[in-house]
Structure formats: structure tokens, C-alpha cells
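Here are a few exercises to work through with the model open. Try each task yourself before reading the solution.

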Amino acid sequence: QVQLVESGGGLVQPGGSLRLSCAASGSIVSIYAMVWYRQVPGKQRELVAGITSGGSTNYADSVKGRFTISRDNAKNTVYLQMNSLKPEDTAVYYCNGDIRGNAGRYGYWGQGTQVTVSS
């Protein structure tokens, strides 16, 4: 069994920063790509940033230059550093991992963490 647990969300003022974490645990053999998504009620979940096992990254245009994704393979953890936050960044942020466990290779989702940007 593999689990992803996000943390680090909260309330922040516009222009502020937050750092999200997503830790994978369980019977992990290998972790491939890790991706952050976000979702606002009534809208589709959208990709925010992704990182491959080799460290290559990609970002949504709306967060380029403000957000940075990184990973610590020794800790099975991916991070999302969010700077210069805007009210439109308000959403539930989800972590998705392409992970090989003892039962095979699957995509796993975390439970989500709320980010609210408001004065």
C-alpha cells in the first residue's frame, strides 16, 4: 500500500509565500514523476507543476517564475515553493505520484491541502 500525504497549506496574504510538501510512504519500489495539481470548486483540476525522477520540471504558464517544484528522493517527498501568491492561486492543491510499489505501478493521489490567498 502506498500513501501520499500533503501538508503546508493555509491562509496567506497576497504577495506572500507558502511551501507545500507531499510525502510518499508505504511499500515503495520506485517513484517516477510527481505532479502538483489544484482545483477550485466548480472547475476542472489543473496541472500546476511536475517533476520527473531525473529532475526535469514543467510549469503551468500561470505560475512560471513564482512557483518552484523540487524533490528529495531520499525522503520520498516533493515540494512546491509558492512565492508572490495571488488570490487566483486559491485552491485545493493535490499531489499525484507515478509510483511502483510491491503491487505494481500506479498513479496515486493525496488528500489535498487548502491554500487560501486573501487579505
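Keep in mind that this is a predicted model.

**Exercise 1.** Find the disulfide and work out which strands it links.

*Solution.* Start with the count, which comes to one disulfide. The partners are Cys 22 and Cys 95, with sulfur atoms 2.1 Å apart, inside the 2.5 Å cut-off. Now check the handedness: the angle about the S-S bond is -80°, making the link left-handed. Finally, look at accessibility. Cys 22 comes out at 0%, so it's buried, and Cys 95 is likewise buried at 0%.

**Exercise 2.** Decide whether Arg 38 is buried or exposed, then track down the side chains that its own side chain meets in polar contacts.

*Solution.* Go to strand β4 (residues 28-39), where Arg 38 is found. Its relative accessible area is 6%; buried means under 20%, so Arg 38 counts as buried. Then follow the side chain: it makes a polar contact of 2.6 Å with the side chain of Glu 46 and another of 2.9 Å with that of Tyr 93.

**Exercise 3.** Which backbone atom does the side chain of Thr 113 reach?

*Solution.* Pick out Thr 113 in strand β11 (residues 113-117). Its accessibility is 11%, so Thr 113 is buried. From there, its side chain reaches the backbone nitrogen of Gly 9 at 3.2 Å. Among the other residues that Thr 113 contacts are Glu 6, Leu 20 and Tyr 93.

Conventions:
Residues numbered from 1 in each chain as written. Predicted model: local features only at pLDDT ≥ 70, side-chain atom pairs only at ≥ 80, totals over all residues. Heavy atoms only, no water. Helix = DSSP H or I, 4+ residues; strand = E, 2+ residues; numbered from the N terminus. Buried < 20%, exposed > 50% of the residue type's maximum accessible area, 1.4 Å probe, protein only. Polar contact = N/O pair within 3.5 Å; in protein donor to acceptor, adjacent residues only side chain to side chain. Contact = heavy atoms within 4.5 Å. Lists of a residue's contacts leave out its neighbours within four places in sequence.
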